[in-house]
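Please work through each one before reading its solution.

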Amino acid sequence: MDKTSVLFVCLGNICRSPAAEAIFKNLINDKGIANQFIVDSAGTGSWHVGKEADSRMRIAAKQRNIYITSKARQIRQDDFSKFKYILVMDNSNFNNVIDLKNRVKGSDFAEILKMQDFAFTFNEKEVPDPYFGGDAGFDHVLDILEDSVSCFLKNIT
Ligand code: 4NP
């Protein structure tokens, strides 16, 4: 059976998308279905490539038993043929990813989806960028991602 491939994308790949990746991995591990998935995250920007996730996000996540271990990378052209689902955090990410997809041959495989279209409890239309804000912003991002990531998984299984 082919694995289902999921890529979470934000701007820097150090706050929102690595958190979404870790939440998704926890859920599929808990359900015993991790072997059915390929999961990764990436940023549209390149400033933080190779870095660990922002320590404020790692600390906030750890308090919920979510361990973020990924290193930042930038989205690549071949992601559009590798990943079935590309989930973006906000409208700016969406526009940037669509622009890139339109320039890549053979990119039809990937579906570009907005993370918050799957939210059930939270009705914010974007996952807000917490980078320039205070600690509460990181908890808020985790709250809304725990909602929308689990609803996305239910949607595709
Ligand atoms: P992320 O947050 O897109 O959720 O990883 C950001 C990280 C870094 C920057 C902006 C947003 N930055 O401007 O460096």
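**Exercise 1.** Are Phe 24 and Phe 152 buried or exposed?

*Solution.* This is a predicted model, in which local features need pLDDT of at least 70, side-chain atom pairs count only at pLDDT 80 or more, and totals for chains, interfaces and linings use all residues. Residues are numbered from 1 along each chain as its sequence is written, and side-chain values use heavy atoms, with hydrogens and water left out.
Step 1: apply the cut-offs, namely buried under 20% relative accessible area, exposed over 50% and partly exposed in between (1.4 Å probe, protein chains only).
Step 2: both Phe 24 and Phe 152 are buried.

**Exercise 2.** Determine how the rings of Phe 24 and Phe 152 are arranged.

*Solution.* Step 1: rings of Phe, Tyr and Trp (its six-membered ring) pair if their centres lie within 6.5 Å; planes under 30 degrees apart are stacked, over 60 edge-to-face and the rest tilted.
Step 1: the centres of Phe 24 and Phe 152 are 6.0 Å apart and the planes 40 degrees, so the pair is tilted.
Step 2: Phe 24 belongs to helix H1 (residues 16-30) and Phe 152 to helix H5, so the pair joins parts 128 residues apart in sequence. Helices are DSSP runs (H or I, at least four residues), numbered from the N terminus.

**Exercise 3.** Classify the accessibility of Asn 93 and identify its contacts.

*Solution.* Step 1: Asn 93 is located in helix H4 (residues 91-102).
Step 1: its relative accessibility is 1%, so Asn 93 counts as buried.
Step 2: with contact meaning heavy atoms within 4.5 Å, and leaving aside residues up to four places away in sequence, Asn 93 touches Val 9, Cys 10, Leu 11, Arg 16, Thr 44 and Val 88.

Terms used. Helix = DSSP H or I, 4+ residues; strand = E, 2+ residues; numbered from the N terminus.
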